[in-house]
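Please look over the sequence and the structure before reading on.

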Amino acid sequence: MQPVSPRVVELLNEALTFELTVTNTYFLHARMLDNWGLPKLGKVFYALSIDEMKDADAIINRILMFEGHPNLQRLGNITVGETPEEMLALAYESEKAAVKQFNGAAQECHDLGDHGTAAVFEEYVRDEEQHAEWFEAQLEAIQRVGVQGYLAQQIDASTPPGS
Amino acid sequence: MIFCHCAVVGDREVKQAVDAGARTVSQVCRSTGAGQECGSCVFAVRRVVCEHLEQVAVMAAADPEVDVAAS
């Protein structure tokens, strides 16, 4: 099936680049946090990484539906936080950037007359808004209880290694 | 924040290189090792170099005692 405009495939590929970039970034953050002994926060990054990978999967399918070529080669900059707070701050910024990007893409799709793809972008906007809100809340919690207090909650010494 | 994954270089190292006298992206890349292998971090290096040079200039303007070239 042909898209209303080739621009739709470009917009989907730009979204795919974002999803693949954060999939990798969150995955590395997850494993670094586990390695630092903060598996509770690590699990959240892991779950988000898998969510973003599923979004990437859906975008790939949509590009193929439009007879386009999904570009899995292109990745954005992978910025790795050197502390848990920096990871949260970087994730917050990237989620806000995603909301902006997907809002723009949804608007462009509406203008082109592709309301189906616009609806897909709108759904992603809502997802990324929720992610941004969660990261913002974590940064606020750190402000309230201090970084030590926050990080103490991310330890899980109850699970034996290898289980 | 690490953005060069080949040489493991982040904003801290780039700022240190600027503080040590590097004034261009290529000087920073040469002294830190960033951007020498796959090259995909060069724009991130440039952004940090530009931001930090701007900050150094603002600080120098606020305090004329600080010698930018020597810092």
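Which residue of chain A forms a salt bridge with B:Arg12? The partner is A:Glu82, and the closest N and O atoms of the pair are 2.4 Å apart. A salt bridge here is a side-chain nitrogen of Lys or Arg within 4 Å of a carboxyl oxygen of Asp or Glu.

This is a predicted model, in which local features need pLDDT of at least 70 and side-chain atom pairs count only at pLDDT 80 or more, while totals for chains, interfaces and linings use all residues. Residues are numbered from 1 along each chain as its sequence is written, chains are lettered from A and ligands numbered from 1 in the order in which they are written, and side-chain values use heavy atoms, with hydrogens and water left out.

**Chain A overall**

- Chain A has four helices and zero strands, in the order α-α-α-α from the N terminus.
- Helices (H or I, at least four residues) and strands (E, at least two) are DSSP runs, numbered from the N terminus.
- Along the principal axes, the C-alpha atoms of chain A fill a box of roughly 55 × 35 × 25 Å.

- Two packed helices are described by the angle between their axes and the distance between the axes.
- Axes are lines fitted to C-alpha atoms, for helices over the stretch in contact, and angles run from 0 to 180 degrees between N-to-C directions.
- Helix α1 (residues 6-35) of chain A packs against helix α3 (residues 84-112) of chain A at about 165 degrees, and the axes are 11 Å apart.
- That angle makes α1(A) roughly antiparallel to α3(A); angles under 35 degrees count as roughly parallel, over 145 as roughly antiparallel, 65 to 115 as roughly perpendicular and the rest as oblique.
- The crossing of α1(A) and α3(A) is left-handed, meaning that the near helix is turned anticlockwise from the far one by less than a right angle; clockwise would be right-handed.
- Residues in this contact (heavy atoms within 4.5 Å) include A:Leu11, A:Phe18 and A:Tyr26 of α1(A), and A:Met87, A:Phe102 and A:Leu112 of α3(A).
- By class, the contact of α1(A) with α3(A) has 16 nonpolar, three polar and five charged residues. Ala, Val, Leu, Ile, Met, Phe, Trp, Tyr, Cys and Pro count as nonpolar, Asp, Glu, Lys and Arg as charged, and the others, Gly among them, as polar.
- α1(A) also packs against helix α2 (residues 39-65) of chain A, at about 160 degrees with the axes 8 Å apart.
- This makes α1(A) roughly antiparallel to α2(A), and the two cross in a left-handed sense.
- The contact of α1(A) with α2(A) divides into 20 nonpolar, five polar and seven charged residues.

**Helix packing in chain B**

- Helix α1 (residues 11-19) and helix α2 (residues 25-32) of chain B have axes that come within 10 Å and cross at roughly 115 degrees.
- α1(B) is therefore roughly perpendicular to α2(B), and their crossing is right-handed.
- The contact joins B:Glu13, B:Val14, B:Ala17 and B:Val18 of α1(B) to B:Val28, B:Ser31 and B:Thr32 of α2(B).

**Where the chains meet**

- Nine residues of chain B are in contact with seven residues of chain A.
- About 710 Å² is buried between the chains, 45% of it from carbon and sulfur atoms. Buried area is the accessible area (1.4 Å probe) that two parts lose on being put together, summed over both.
- On the chain B side, B:Met1, B:Ile2 and B:His5 lose the most area to chain A, together 63% of what that side buries.

**Salt bridges**

- Over all chains the structure holds six salt bridges, and the count between chain B and chain A is one.
- A:Glu10 and A:Arg7 form a salt bridge at 2.8 Å, N to O.
- A:Glu10 and A:Arg7 are separated by about one helical turn because they are three residues apart in helix α1 of chain A.
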